[in-house]
Amino acid sequence: MPITEPLTPSATWTQFTATDEDWDAADASELASMTVQMHLIRAFEEQVLDLAGQKLINGPAHSSIGQEAGAVGSAVPLTVEDQINGSHRGHHQFLAKALNAVQPDGFALGAGWSDDVVDVLYRTMAEIAGLKDGYCHGRGGSMHLQDKAVGAMGTNAIVGGAVPFATGFAMAHQLAGTDAVAVTYFGDGASNIGSTLEAMNIAAAWKLPIVFFIENNQYAVSTTVGESTADPRLSVRGLGFGIPSYRVDGQDVLSVKLLMDEVLGHVRSGEGPAVVEADTYRYFHQNGPFPGSAFGYRTKEEETGWRDRDPLALAEKHLERRGIAKREQLDELRKATKKLMKELSERLTEADPDGRPGQLRIRPELWPSPSFIDVGIRGDWPDAGDRVRTAESFGEDELVKQRFVDTIAAVMHRRMETDDTVVVMGEDVHKLNGGSRGATKGLPQDFPGRVLGTPIAEAGFTGLGGGMALDGRYYPVVELMYADFIWVAADQIFNQIGRARHMFGGDHDMAMLMRLKIGTTTGYGSQHSMDPAGILSNSVGWRIIAPSTPLDYVGLLNAAMLTRDPVAVLEHDADLYKTEGLAPKDLDFVLLFGKAAIRREGSDVTVISYLSMVQRCLDAVEQTGVDGEVIDLRWLDRASLDWDTITESVKKTNRVVIVEQGAQGTSYGGWLAGEISRRLFDWLDAPVLRVQGGEAAPSISKALETAANANTDDIVAALNELKG
């Protein structure tokens with residue numbers, strides 16, 4: 001017979017409950033302060049729902065009424081240096097963090113409101129209404145609240161989308177050697193999201209100082225926890241990763257606060273992450289001022305049962321029992337908070353002169369200017385000073401023949417040597433003598449602790465890099481082993497990293513590098529051979545560089561790392577890594593930002609390309625005898641593209657051929673051809689021709705792989721077509 005033995009999880013799992021004795025022992029002023037904060041948040045949310053009911057909020061208003069205790073109890077023990085982020089239902093967490101930051105000594109019953117407190121509430125309400133006085137100047141609204149100054153790093157509309165960023169904050173704390181922590185708030189729905197679980201695994205493996213705070217409010221819109229997972233005790237997720245996990249009554253503010261005291265002691269001491277699950281309940285529907293029972297997925301009896309355990313009423317009961325407050329004082333507190341929120345609402349609204357009697361409108365002068373729409377998508381070009389050089393300025397004695405991939409390792413070594421904020425991460429980058437192809441050779445040995453070999457979890461570690469970029473103390477360099485893996489990390493790349501600067505108001509940097517290896521002609525087939533240029537160029541917020549020579553790699557990489565934007569670096573594996581070329585001994589030089597290179601001058605046709613196809617274009621021009629002008633784009637994103645060079649060339653040649661290697665479906669040339677036709681139509685004597693791969697992605701078969709990708713013969717055919 002087989003031997004069976006029960007296994008014990010490596011982490012503890014604990015139910016935590018405060019008793020009446022704990023309430024009796026708690027500091028009276030702290031209990032009063034938490035009660036005041038819960039009342040402020042409740043009244044704030046009620047006012048927001050009132051504005052939403054009058055159609056004065058554009059978009060959703062995800063109320064947190066009923067969930068105040070979890071936010072306040074968890075925020076009270078945090079410092080300004082501690083950082084939080086959260087989900088679309090995050091008003092209460094944002095307010096709790098900000099209020100404690102501006103009034104760290106707490107709130108006294110009947111003491112009135114300081115200017116700082118009023119400012120937090122006003123700016124939050126203005127942001128939810130989409131107004132320029134808001135924290136994100138109206139861009140964020142209800143779901144994107146951020147004030148980095150107080151450690152509120154941003155709430156997020158994508159379920160689970162913010163969680164990997166919080167591991168980046170935690171990594172920054174760990175690298176900086178502080179005892180600060182990150183707290184990421186998310187709900188029951190996000191507990192089933194892959195990026196959340198990837199983040200938990202990375203945090204546990206690297207012992208990051210982070211608390212995963214699950215607000216289990218029982219419903220993901222109308223779907224119950226029991227319908228979406230086999231075990232509705234969501235803190236069980238932590239046990240799978242060896243993370244100490246806790247369940248707590250999320251209606252009891254003292255229970256949450258005392259548990260967070262214990263958890264933060266564990267995390268601050270370097271023992272790694274913790275999971276906290278707060279059982280709580282949202283009183284209203286997913287969005288708006290109606291209860292869930294109005295939509296038929298909850299009963300009124302269920303809602304009444306939870307309201308009987310209202311977090312404000314529970315706290316008030318103990319305050320009265322202990323003689324800390326009388327009923328009259330608590331009633332006055334309720335009136336005072338409602339009065340304050342009414343006054344703040346009146347600062348935002350006025351009578352609508354074109355509406356019915358009593359109808360309000362947002363004050364017109366508070367709307368952001370339409371001209372603000374594109375401000376802050378990316379930063380301005382930096383001043384590189386005397387580091388800027390042209391490729392032509394290098395003498396023979398300043399150059400060395402070197403493999404392309406060795407140049408990548410050399411310039412990254414130089415950047416890490418001169419800047420101790422640079423941190424490299426990716427799969428196997430710390431082993432195999434430089435990762436899978438040698439691009440990180442020598443880095444792990446010379447920079448221990450700053451070259452991080454990650455789990456196979458592209459969403460998790462890419463998002464961690466994004467969080468480090470948002471934090472701003474470190475410069476993350478994230479390597480995706482193949483460009484196709486952008487789809488695995490798509491939410492973090494496109495929804496999070498690319499949009500973070502703009503959607504939070506455009507006031508902060510998002511400096512990071514993402515290295516992408518393009519696997520065409522390697523025999524790795526359909527899922528490892530994509531050229532991502534077309535996809536990335538249609539995503540707002542990313543800059544893209546495409547070096548075709550070792551010298552360009554150094555100059556472009558240095559330029560990219562001086563920007564304060566997320567930059568994708570495209571690298572051809574088989575077509576460039578093993579080739580040799582002239583590399584600069586000066587590993588600090590910078591090529592001009594947004595400047596293409598003319599690789600061959602000509603007058604018959606403008607041939608535009610990038611990466612390894614540039615050399616094929618040069619070969620094709622020589623074969624056909626066409627006097628082609630070959631442009632190596634180098635910078636591919638829309639904001640950085642060198643239109644001056646393209647325009648000057650097209651005005652001379654009056655014909656254009658755009659050449660790329662990859663498949664039609666992810667084509668870069670599609671949008672570029674359209675834009676050239678739109679901008680330069682008067683100078684074109686013929687339609688823009690495009691050379692590209694086939695409809696299908698490359699297959700494993702050498703013959704089919706060759707057929708799928710564009711090659712020199714295809715370019716020759718296009719040039720001959722123009723001749724004919």
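## A walk through the model

Lys 55 is exposed, with a relative accessible area of 72%; exposed means over 50%, buried means under 20%, and partly exposed is what falls in between (1.4 Å probe, protein chains only). Before we go on, please note that this is a predicted model, where local features need pLDDT of at least 70, side-chain atom pairs count only at pLDDT 80 or more, and totals for chains, interfaces and linings use all residues. Residues are numbered from 1 along each chain as its sequence is written, and side-chain values use heavy atoms, with hydrogens and water left out.

Let us stay with Lys 55 for a moment. This residue lies in the loop between H2 and helix H3 (68–75). Helices (H or I, at least four residues) and strands (E, at least two) are DSSP runs, numbered from the N terminus.

On the H2 side the contact is made by Glu 30, Leu 31, Met 34 and Met 38, and on the H10 side by Val 253, Leu 254 and Lys 257; contact means heavy atoms within 4.5 Å.

What is the angle between H2 and helix H13 (residues 327–348)? Their axes cross at roughly 40 degrees and come within 9 Å. H2 and H13 are therefore oblique to each other. Among the H2 residues that take part are Val 36, Leu 40 and Phe 44, and they meet a set in H13 including Leu 333, Leu 340 and Met 341. By class, this contact of H2 with H13 has 8 nonpolar, 5 polar and 5 charged residues. Ala, Val, Leu, Ile, Met, Phe, Trp, Tyr, Cys and Pro count as nonpolar, Asp, Glu, Lys and Arg as charged, and the others, Gly among them, as polar.

Now turn to the strands. An open sheet of 7 strands runs in the order S1-S8-S9-S5-S4-S2-S3, with parallel pairing; two strands pair if DSSP finds at least two bridges between them. Strand S1 (13–16) and strand S3 (152–155) stand at the edges with a single partner strand each, so one side of each has no neighbour in the sheet. From one strand to the next, the twist averages 15 degrees. Inside the sheet, strand S2 (residues 83–86) and strand S4 (residues 182–187) pair in the parallel sense over 3 bridges, and Ile 84 stands opposite Val 183 in S4. Helix H7 (residues 194–205) lies across S4, strand S5 (210–216) and strand S9 (274–279), running at about 150 degrees to S5. Gln 218 is found in the loop between S5 and strand S6 (219–220), and its phi is near 80 degrees, a positive value in a residue other than glycine.

Our last stop is Ser 667, in the loop between strand S23 (656–659) and helix H23 (669–680). Is Ser 667 buried or exposed? Ser 667 is buried, with a relative accessible area of 11%. Not counting residues up to four places away in sequence, Ser 667 touches Gly 534, Glu 660, Arg 690 and Gln 692. The C-alpha atoms of Ser 667 and Gln 692 are separated by 7.6 Å, with the two residues 25 apart along the chain.

Terms used. Axes are lines fitted to C-alpha atoms, for helices over the stretch in contact, and angles run from 0 to 180 degrees between N-to-C directions. Angles under 35 degrees count as roughly parallel, over 145 as roughly antiparallel, 65 to 115 as roughly perpendicular and the rest as oblique.
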